[in-house]
Amino acid sequence: MKATQRTVRLDLAEPLRISRSTMAARDAVWLTVEHDGLRGHGEAVTSVYYGLDAGTLERLLAAVATDLPRFRDPESALDALRAGELAGEDTPPAVTAAAEAALLDLAGKRAGSPVHRLLGAATAPVAATARTIGITPPVRAAAEARCLMASGFEVLKVKAGAPDPEEDVERVRVIRDAAPRARLLLDPNGAWTTDQADALLPRFAERGVEAVEQPLAPGDPEALAALAARSPLPVIADEDAVSLEDARRLAGRVHGVNVKLAKCGGVHAALRIAEAIDGSGTALMLGCLTASSLGLAPAVHLADRARWADLDGHLLLARDPWTGIGGTDGFVRASDLPGLGVRRSPGEETA
């Protein structure tokens with residue numbers, strides 16, 4: 001096997017403001033693994049929050065690429081990756097996830113099977129994905145909500161954590177008025193104190209918000225679990241639920257955990273988390289970073305296992321260089337094509 005990589009810029013259609021930052025673009029590093037004339041692809045994206053810039057991703061993925069030729073095929077490389085023998089213990093989860101995606105894509109193509117079938121699902125997963133509305137003026141938020149509902153979206157994820165919490169309340173109010181049948185999720189990205197959460201959550205419950213992600217600053221999972229026990233809304237852990245150990249610690253104590261493949265280390269790690277929380281009363285949410293369809297595809301092959309799917313990162317881009325998972329009508333769909341089932345978008349270079 002041999003591997004190559006390429007770094008590209010992913011521009012957002014418009015800047016996305018959340019409580020801790022505003023993002024207009026990010027870099028993606030594509031890893032391509034080739035064996036017997038077939039190619040598998042994976043993607044890692046930069047993240048200020050996780051301390052990953054393009055140079056770091058390039059260096060770490062190059063180390064994986066250098067090690068790959070010692071494996072006879074992608075299947076044996078996957079076994080080694082999952083055993084920690086391909087990427088070391090200190091390798092960031094985003095790098096492990098990208099390498100696993102490329103190997104899964106290649107293994108599926110070798111087997112003539114889509115990834116979801118390799119993972120035990122007989123039919124291609126289809127899920128209603130949430131669509132994010134950032135911290136934006138109420139008039140604009142209402143217009144976005146109406147447009148998204150008209151396009152077929154059933155779930156809207158509203159970012160919160162503005163300096164004045166009343167702005168968040170007003171944004172949710174106008175979105176609810178503009179989209180009365182929408183399922184609403186709320187995500188302050190850890191911006192609230194415990195006192196603020198106690199005061200605000202009943203007001204959002206009155207507006208029919210379905211669940212809230214990580215209302216408190218990460219780093220105190222006990223406080224998050226205590227809030228969940230008294231909250232009028234289901235509480236989903238995100239920044240406080242990174243690893244398998246985090247999920248086990250919170251199982252049965254929060255209402256959901258947001259599993260992002262770039263955060264936990266890939267498909268195999270996500271399946272282990274899903275197994276760990278199964279039957280505990282804590283449900284699975286599948287989330288994502290802003291990325292292309294290539295970066296989102298592995299999670300889409302797991303989407304039927306989640307109570308909530310927040311897999312809209314590719315929909316936030318000005319131009320998606322890959323295609324194959326849908327989403328513009330509110331539903332992401334895994335392909336029945338071999339591997340991840342994604343391909344370069346029309347007009348892009350042949351991968």
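**Figure 1. Buried residues of helix 12 in the predicted model.** Ser293, Leu294, Leu296, Ala297, Pro298, Ala299 and Val300 are the buried residues of helix 12. The helix spans residues 293-300 and is mostly covered. Seven of its eight residues count as buried. The model shown here and in the views below is predicted.

**Figure 2. Start of helix 12.** Serine 292 and leucine 294 meet at the start of this helix. A side-chain oxygen of serine 292 comes to within 3.1 Å of the backbone nitrogen of leucine 294. Leu294 is itself one of the buried residues of helix 12.

**Figure 3. The largest cavity.** The structure has two cavities of 30 Å³ or more. The largest holds about 250 Å³ of space. Its lining consists of 23 residues. Glu43, Ala97, Leu261, Ala262 and Gly295 lie nearest the cavity centre. Strand 3 (38-45), helix 3 (93-111), helix 10 (261-264) and helix 12 each give two or more residues to this lining. By class, the lining residues are 16 nonpolar, four polar and three charged.

**Figure 4. The second largest cavity.** This cavity has a volume of about 40 Å³. Its lining is made up of Ala270, Leu271, Ala274, Leu284, Leu286, Leu302 and Arg305. Helix 11 supplies the largest share, three residues. Six lining residues are nonpolar, none is polar and one is charged.

Key. Residues numbered from 1 in each chain as written. Predicted model: local features only at pLDDT ≥ 70, side-chain atom pairs only at ≥ 80, totals over all residues. Heavy atoms only, no water. Buried < 20%, exposed > 50% of the residue type's maximum accessible area, 1.4 Å probe, protein only. Helix = DSSP H or I, 4+ residues; strand = E, 2+ residues; numbered from the N terminus. Polar contact = N/O pair within 3.5 Å; in protein donor to acceptor, adjacent residues only side chain to side chain. 1 Å grid on protein atoms, 1.4 Å probe; cavity = no way out; pocket = protein on both sides within 12 Å on 5 of 7 lines; lining within 4 Å. Points joined across faces, edges and corners; volume = space filled by probe spheres on them. Nonpolar A, V, L, I, M, F, W, Y, C, P; charged D, E, K, R; others polar.
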